[in-house]
Amino acid sequence: MWKKFVLTLVILILGSGIAFFVYKSEPRLNKNFAIAGSFFKNHPFRLGLDLSGGTHLVYKADVSAVPAGQVSDSMNALRDVIERRINIFGVSEPVVQVQNGGLISGGEEQLIVDLPGVTDVKQAIDMIGQTPLLEFKTEASKDTPQNVTVDKDGKATLDLGSQFVATELTGRYLERATLEFDTNTREPKVSLQFDDVGTKLFAEITKNNVGKMVAIYLDGAPISTPVVREEIPNGQAVISGSFTPNEAKQLVGRLNSGALPVPISLLSTQTIGAILGDNAVNAGVKATIIGFLLVAVFLILLYRLPGLVATISLCIFISIILALFKLMPVTLTAAGIAGFIISIGIAVDANVLIFERVKEELRFGRSIADAVSAGFSRAWFSIRDSNISNFITALILFWFGTSLIKGFALTLGMGVIVSMFSAITVTRIFLSTLVFVGEGKVTRFLFGSGITK
Amino acid sequence: MFIVKYKKIFIGISITLVVLSLLSLFIFGLNIGIDFKGGALTEVVYKAERPEQDVLEKSLTALEFGSILLQPTGEKGYIIKTRDLNDSEHALLLETLSGDKKDALTEMSFNSIGPSVGLELTRKAILAVILISLAIICFIAFAFRKVSHLSAMGHHGVASWKYGIIAIITLLHDVVIPVGLFVMLSHYYGAEIDSLFVVAVLTILGLSVSDTIVIFDRIRENLRNQAGVSKINFSEIVGKSLEQSFIRSICTSLTVIIVLLVLFFFGPVSTRYFALMLTAGMFFGTYSSIFLASPLLVLTEEWQTRK
């Protein structure tokens, strides 16, 4: 008896603690949020782009030149480079993800970039596109057919592109670039230092091409085609084009912030203005509160005391879910909020199943304590079954979804799991404590119900 | 029990609704959104008054972006649907919309999806539909694995797999009607099939199957209790089981329907149709588990006995 009472108290205190955390860590609800503890400050809700406003970009990465085994390596390198590039611009919490090509995505390697707060698409695309693509190419063998175009005046132009073939060496293997000036001509030049892999590759290329040209391509255009005099084993190269000092300086900066290991092209863009996002957040919060209140009224009208208990455990359910959203953290989208709101309805339907069973048992003339425990054990199978089917759906949706669908699947799935705990364990502990209040008429009335007999 | 008594009427209602839904699907067709077929959607709101639609249409046609759809939205806004646009085309569109910066405007949202991304999403959606259907069917098979011994009672029992088939028929009913509803909506209000539509269909599968299983569980429980009795009246037991469980079934669905309606009326605009579809799915899911699944079960048993 005492044990149950203490357990109820512990759950109530823990629940309020979690609710307090959710409340305290929300800047909108606290006037003095600036002076709040750092623990609270570090856990706001993470809002998705459709709620916070921002830009969502999907790039296709052209990995046709990358050997099969190294695709995922170079995609990760690409992600790191773009992340670094975005960080320079001070975007808060950007998300850069690699989406591997496979059966589902049709074999395309994609890079997904989310930029919260950036609503100027052009600025966003520039931010990413500015990174230079540095490539090293070697002379094609003599028998490769060359593209020559003859224009109207009879002037023949040789297509430089067919003269060179790509090598594995790209800006990906660059360790750093520095600006130097030629001691004799005072001309600016850019000196490159490769990393370990790059050094090896460069040594190999120079060894195999002594006396031939090696072309250095920047963003798909050749900027320098020096002739190799001897093997270079130390991984140092110099680009001496006809730069102005300013151009050379800019190039060094761009190279150091990371050259793209593979070329990318933009597949789709999505921008959501901040106003639209704000409206969605307000509507979502409003819907959650109204939904909760209506469900609470419904429960208390229909089930009286057990309904009140279910409402309290629903409060605990909501606190736990919101705290999990903050701590994991879950990126909330409009669809995610929908999933959460639906999970409020689902969390309660387990309780409804139980209470209907309890009422049935009471009708058979059982004591309240017996009816409660029989109600729980009989309703368990139905609850398990209905939750399994929802959970299957959520799981598969999460597996296959785009970020939008994932948000919904995640909040719904979490709701299903947590509701099993709150609707069954928490409600059961509360009710079995209350049962000891007595067996009088009042108690029986409280466990009865208004509408169904 | 009136539901069992008038079973043919209720089955008739369901058949009518399904046929109507299928008809509207074939007549109106699916209005596929840019999520799946690619394209661009731009929403702008003008600071002052918005320009006349036909004037704007004329200047937009001059851009030669192919077919452009211009829809007024709110009091001062437009939604512009085009093929997918790249960076410079997007800038050009905005410039034209603002009448070369004459009319100040704010871009509320811009969404451009390349055809290959749309194709990828289509592939994913189809795969998800197949997988979830398979998983749900497996789940139904699992849920009904135990009744087979009842068929040993001779012609009185309905074999376990028939429960499963009826559950699946009910499920199709629950999905087809909201889809039909959505097709009507998309015809009259321009709703488009996007990824949320697919999610709604799949969520309905998960939400509505449980209701049918709960009632079938009750029927089997009552059958088991009657196992000793020599002559059992199948339709009476089904009626009794329905009586015991239909209020509960309605109440559990009601909590979900309440929150879904709230989501529809007060929630974000982007999930409005989603909430409506789920509400319809939940409503017909509950309806079908009471008024379709159990009558079908009785009908099956009657056919069996007649043979």
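Predicted model: local features only at pLDDT ≥ 70, side-chain atom pairs only at ≥ 80, totals over all residues.
Student: What is the order of the strands in the open sheet?

Tutor: Eight strands form it, in the order 3(A)-4(A)-2(A)-14(A)-4(B)-1(B)-3(B)-2(B), with antiparallel pairing. The edge strands are strand 3 (95-99) of chain A and strand 2 (69-73) of chain B, each pairing on one side only. From one strand to the next, the twist averages 20 degrees.

Student: Which helix of chain B packs on the sheet?

Tutor: Helix 5 of chain B does, touching strand 1 (39-46) and strand 4 of chain B. The direction of helix 5 makes about 145 degrees with that of strand 4 of chain B.

Student: How many bridges join strand 2 of chain B to strand 3 of chain B?

Tutor: Five, and strand 2 runs antiparallel to strand 3 (residues 77-82) of chain B. One facing pair is B:Leu70 and B:Ile80, the latter in strand 3 of chain B.

Student: Now the chain A part. Which strands pair with strand 2 of chain A?

Tutor: Strand 2 (residues 54-61) of chain A pairs with strand 4 (residues 109-116) of chain A, antiparallel, over eight bridges. Eight bridges also join strand 2 of chain A to strand 14 of chain A, again antiparallel. A:Gly54 stands opposite A:Pro116 in strand 4 of chain A, and A:Thr55 stands opposite A:Thr271 in strand 14 of chain A.

Student: Is strand 2 of chain A mostly covered or mostly open?

Tutor: In general, side chains in a regular strand alternate between the two faces of the sheet. In this case, strand 2 of chain A is mostly covered, with seven of its eight residues buried. For chain A as a whole, buried residues make up 41% of the 453 residues.

Student: How many helices and strands are there in chain A?

Tutor: Chain A has 12 helices and 15 strands. Of its contacts with a separation of 6 or more, 73% are between residues 24 or more positions apart.

Student: How do the axes of helix 8 and helix 9 of chain A cross?

Tutor: They come within 9 Å and cross at roughly 5 degrees. Angles under 35 degrees count as roughly parallel, so helix 8 and helix 9 of chain A are roughly parallel to each other. The residues of their contact divide into 21 nonpolar, five polar and no charged.

Student: Is A:Ile316 buried or exposed?

Tutor: A:Ile316 is found in helix 8 of chain A. Count the neighbours: 20 or more other C-beta atoms within 10 Å make a residue buried. A:Ile316 has 23, so it is buried. Leaving out residues up to four places away in sequence, A:Ile316 touches A:Gly15, A:Ser422 and A:Val426.

Student: What backbone feature marks A:Arg304?

Tutor: A:Arg304 has a positive phi of about 50 degrees although it is not a glycine. A:Arg304 also sits in helix 8 of chain A. With 17 other C-beta atoms within 10 Å, A:Arg304 is partly exposed.

Student: Is the peptide bond from A:Met328 to A:Pro329 cis or trans?

Tutor: That bond is cis, with omega near -20 degrees. A:Pro329 lies in the loop between helix 8 (274-327) and strand 15 (331-332) of chain A.

Student: Which domains make up chain B?

Tutor: Chain B is divided into domain 1 (2-34 + 117-306) and domain 2 (39-113). Their centres, taken over C-alpha atoms, are separated by 43 Å.

Technical notes
Residues numbered from 1 in each chain as written. Chains lettered and ligands numbered in written order. Buried ≥ 20, exposed ≤ 12 C-beta atoms within 10 Å, placed from the backbone. Helix = DSSP H or I, 4+ residues; strand = E, 2+ residues; numbered from the N terminus. Pairing = 2+ DSSP bridges. Domains from an automatic or database assignment. Axes fitted to C-alpha atoms, helices over the stretch in contact; angles between N-to-C directions. Parallel < 35°, antiparallel > 145°, perpendicular 65-115°, else oblique. Nonpolar A, V, L, I, M, F, W, Y, C, P; charged D, E, K, R; others polar. Contact = placed C-beta atoms within 7 Å.
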